[in-house]
Amino acid sequence: MRAIRRFTVRASLPEPLAGLRALATNLRWTWHPPTRDLFASMDDELFRRVRDPLRMLTAVSPARLTELAGDEDFLARVHAMSDDLERYLTEDRWYQQRPQGERAPAAIAYFSMEFGVHEALPNYSGGLGVLAGDHLKAASDLGVPLIGVGPLYRSGYFRQSLSLDGWQVEHYPVIEPSALPLELLTGEDSEPVLVHVAMPGGRDLYAQVWQAQVGRVPLLLLDTDVEANDEDLRRVTDRLYGGDADHRIRQEILAGIGGMRAVRRYCELTGHPQPEVFHTNEGHAGFLGLERAREVIDEHGLAFDEALSAVRAGTVFTTHTPVPAGIDRFPVDLVQHYFGDGRLLPGLELQRILALGAEDNPGMFNMAHMGLRLAQRSNGVSQLHGRVSRRMFARLWPGFDDAEVPISSVTNGVHGPTWVARELTALLGGKHKAWGHDGKLPSQMGVSDEELWALRRDLRQKLVLEVRRRVRNAWLQRGASALELGWVNQVFDPDVLTVGFARRVPTYKRLTLMLRDPERLRALLLDEERPMQIVVAGKSHPADEGGKALIQQVVRFVDDPAVRRRMVFLPDYDMSMARYLYRGCDVWLNNPTRPLEACGTSGMKSALNGGLNLSIKDGWWDECYDGSNGWAIPTADGVTDPLRRDELESAALYDLLGQQVAPLFYERDDAGVPRGWMSMVWHTLDELGPRVQASRMVREYVETAYHPAAVTSAAASADGYAGARSLAEYRRRVDAVWRQVRVLDTELTVEAQERLVVGDEVRVRAKVDLAGLAPSEVEVQTVVGRVGDTDELAEPMTVRMEPSQEGEYTATLRLPRAGSLGYTVRILPRHDLLATPAELGKVVLA
Ligand SMILES: *Cc1c(COP(=O)(O)O)cnc(C)c1O
């Protein structure tokens, strides 16, 4: 019989155990082992099965609960743990201890389409969601007052299994929110709060708001499966990244506009300060900027352009993909369908909305372009990705060199306490509580090679057991009988060099690069003296047949009895599997087509556990590889034939594995320790440990984005939005006269005309026509740089020129370098509320 409806009955806890409820619902337990230990001690065996404190409370027998309620020792531990959580939630942390007088925002809203906090809350698909989860956790640890916002999916992302012939099969298990660590947001009347957004045809889309508590950070998740909705609208939040464009735009309207309304309601009801800064993790929730424009237009009577100036000041946009196909776009017709009747955002004109998403193709609305136009501060997620993004979006800032396009970069990081094996934290952290956070390096903590090597073996052994368990289950699912699976006990060996490769399967990640020459791969796996074993995992997007074919290719290779002990494909890559891989693998392999990997974070998680990266210099590895913390696979940049490129790069990969990685791993001294290997492991922990942490990333966002955005935003909104009005008025004037602004004449004078030497001073003078703009309203600059065959200025140095007399500007500058130099003069807009002079995409060159 099938149930027609599900519901969940919560355990009733004996009064003395009441403190367990908060410990189980606050997701801090996911990165706080002592809390997990407390729940495990209620029933060890049971906890190993359920792995989730909240489910534990419903699973433990009432008799056991009664027993525990009388156990003084246990009660004392519950108290101590509750006190510890309370302290964590209320004490001053890094954010509160920052220098006084800085105008730190009272709250920041962080929007994302997915959040991967833990597998207990399966509301993510991959890297983007896990990053968002790590962002919340690190913010919590640092005391940064973030509020997370996004949709709650009834069947998060799909679960993956394999058919007998190795084809990916998807399942969509349905979650029951009331069984998850979530509480419904309720209003003054104790009824669930419903936010709504208008839909075409006079309908409304309603959502209830579930609240998860991620340490100090509330996470608000919108759920449309409510009775108030028409049947089709109930399904808006059914699946993550499923469905067509219409389905997606509804999800994004809900996430952005509905998300804003949920945040507002949440703050009103709880007294939480309203956010001053709004961060969109990728463009999907970008409509939030339009909702904020609607708010200020409605409440303060601003014109659209004025509202836009105010909104931009407080918005931060992070772009995550350099793959054009990865950019979120909608047909203009579709946007018109939802926004056209004016009910969704009253007071906003359709044409103005459409202009924000305009791109080269007039039929498409580009969410990344809207993100950039609605945010005064935007960034990519590694230094290389920042450069690639500046080039990719340069056309939004015509007249500027790529380097000046105002898109910065904040390199992603990962949440150490979530990803580092507790055994390793105990070994290193036992000697120093917060290794990597306080500048103290692991190698200075007096732990020996022998100790760390033994621990690495222990982690590899745990991975081996997990691999066997999963291989067995996968085969049972594919239809094998237990009797045929004896060989599974010989899969993997705890003393063999272990390489991991786990990721989503879009083409650019090149899942099958290692299969390019199957004979060479087989030889590496089966080498008599220096064998290696490889664990591969990854999901393909359900609609991506090409990706599924790649998975099938891997599965067919590993199904061969000759290699199946040394190489496996594990279905259903998710956080619970990822943990074992990051901890147990000696080498983490990544071979994307450069530069299409924006950052990549799995290698960081491996590095934090003492794994060595073997990777194409793409994403984070491009800036973090230093020659002795792992290996860089040489790239055939510039080779345009993709097959040829794969051939060259795969050959380089085999060479590295066979000639450098394996020999170093197997070179042992009398004590059986690979000293050379261990020195690379220590170096990795020392150098990368602090750099790859999400705490570093969040601090950077606070310092370079949230804090400046709060300052500009306050300046824009003070005195009835006087700043925003003045900036809008300024932009209007600039737009009107900019075509008449000109550099009339320039002159460079030197003292010693004959022989210029580096460091000599020269004087640049320029006559300009400002077409009625005041001298204080422009910035006049001279730019000096190297010139080669063309007059293009390379490595330019910019010096601001000062007005000397009517229409004339001068600057003195020291010649920065020898060789052929050139200079020019340019005029840029200037206003106190601009974050950079390039912001408006306007420049006049001499
Ligand atoms: C870290 C992580 C990712 C992202 O890894 P990439 O290196 O960016 O591909 C994806 N899925 C899970 C489960 C992760 O933990």
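Questions on a predicted model

Me: Which helix holds Gly-256?
Reply: The model is predicted. In it, Gly-256 is part of the stretch 245–270. That stretch is helix 9.

Me: Is Gly-256 buried or exposed?
Reply: A residue is called buried when its relative accessible area is under 20%. Gly-256 has a relative accessibility of 0%, so Gly-256 is buried.

Me: Which residues is Gly-256 in contact with, leaving aside its neighbours within four places in sequence?
Reply: Gly-256 lies in helix 9. Once its neighbours within four places in sequence are set aside, the contacts of Gly-256 are Phe-111, Ala-285, Phe-287 and Leu-288.

Me: What separates the centres of domain 1 and domain 3?
Reply: The domain assignment gives 15–90 as domain 1 and 493–692 as domain 3. It also lists domain 2 (108–159 + 168–409) and domain 4 (741–845). Taken over C-alpha atoms, the centres of domain 1 and domain 3 are separated by 39 Å.

Me: Which residues have the most contacts inside the largest nonpolar core?
Reply: The largest nonpolar core has 98 residues. At least three of its residues come from each of domain 2 and domain 3. Those with the most contacts inside this core are Met-514, Met-567, Leu-614 and Trp-677.

Me: How many residues are in the other core, the one with Tyr-157 and Leu-308 among them?
Reply: This core lies apart from the largest one. Ala-207 and Leu-222 are also among its residues. The number of residues in it is 95.

Me: Which residues does Leu-614 touch, not counting residues up to four places away in sequence?
Reply: Leu-614 is one of the residues with the most contacts inside the largest nonpolar core. Not counting residues up to four places away in sequence, Leu-614 touches Val-587, Trp-588, Leu-589, Asn-590, Trp-631, Ile-633, Leu-653, Leu-656, Leu-657 and Val-661.

Me: Is helix 7 roughly parallel or roughly perpendicular to helix 26?
Reply: Helix 7 (residues 127–142) packs on helix 26 (residues 694–737) with the axes 8 Å apart and an angle of about 80 degrees. Angles of 65 to 115 degrees count as roughly perpendicular. Helix 7 is therefore, relative to helix 26, roughly perpendicular.

Me: How many nonpolar residues are in the contact of helix 7 with helix 26?
Reply: Helix 7 contributes residues including Leu-131, Asp-134 and Leu-142, and helix 26 contributes residues including Met-697, Arg-699 and Tyr-706. Two residues of this contact are polar and two are charged. The nonpolar residues number nine.

Me: Why is helix 21 described as largely enclosed by the rest of the structure?
Reply: Helix 21 spans residues 575–584. Its buried residues include Met-575, Arg-579, Tyr-582 and Gly-584. Helix 21 is largely enclosed because the buried residues number nine of the 10.

Me: Which residues does Ala-728 touch, not counting residues up to four places away in sequence?
Reply: Ala-728 sits in helix 26 and is buried, at 3% relative accessibility. Its C-alpha atom is separated by 59 Å from that of Thr-498, 230 residues apart along the chain. Not counting residues up to four places away in sequence, Ala-728 touches Asp-305, Glu-306 and Ser-309.

Me: Where does Pro-595 lie?
Reply: The peptide bond from Arg-594 to Pro-595 is cis, with omega near 0 degrees. Pro-595 is in the loop between strand 18 (587–590) and helix 22 (602–608).

Me: Is Arg-51 buried or partly exposed?
Reply: Arg-51 is not a glycine, yet its phi is positive, at about 55 degrees. Arg-51 lies in the loop between helix 3 (44–50) and helix 4 (53–59). With a relative accessible area of 42%, Arg-51 is partly exposed.

Me: Is Phe-492 buried or exposed?
Reply: Phe-492 also has a positive phi, of about 65 degrees, without being a glycine. The loop that holds Phe-492 runs between helix 18 (449–477) and strand 15 (497–502). At 2% relative accessibility, Phe-492 is buried.

Note on methods. Residues numbered from 1 in each chain as written. Predicted model: local features only at pLDDT ≥ 70, side-chain atom pairs only at ≥ 80, totals over all residues. Heavy atoms only, no water. Domains from an automatic or database assignment. Core = buried A, V, L, I, M, F, W, Y, C linked by side-chain atoms within 4.5 Å. Buried < 20%, exposed > 50% of the residue type's maximum accessible area, 1.4 Å probe, protein only. Contact = heavy atoms within 4.5 Å. Axes fitted to C-alpha atoms, helices over the stretch in contact; angles between N-to-C directions. Helix = DSSP H or I, 4+ residues; strand = E, 2+ residues; numbered from the N terminus. Parallel < 35°, antiparallel > 145°, perpendicular 65-115°, else oblique. Nonpolar A, V, L, I, M, F, W, Y, C, P; charged D, E, K, R; others polar.
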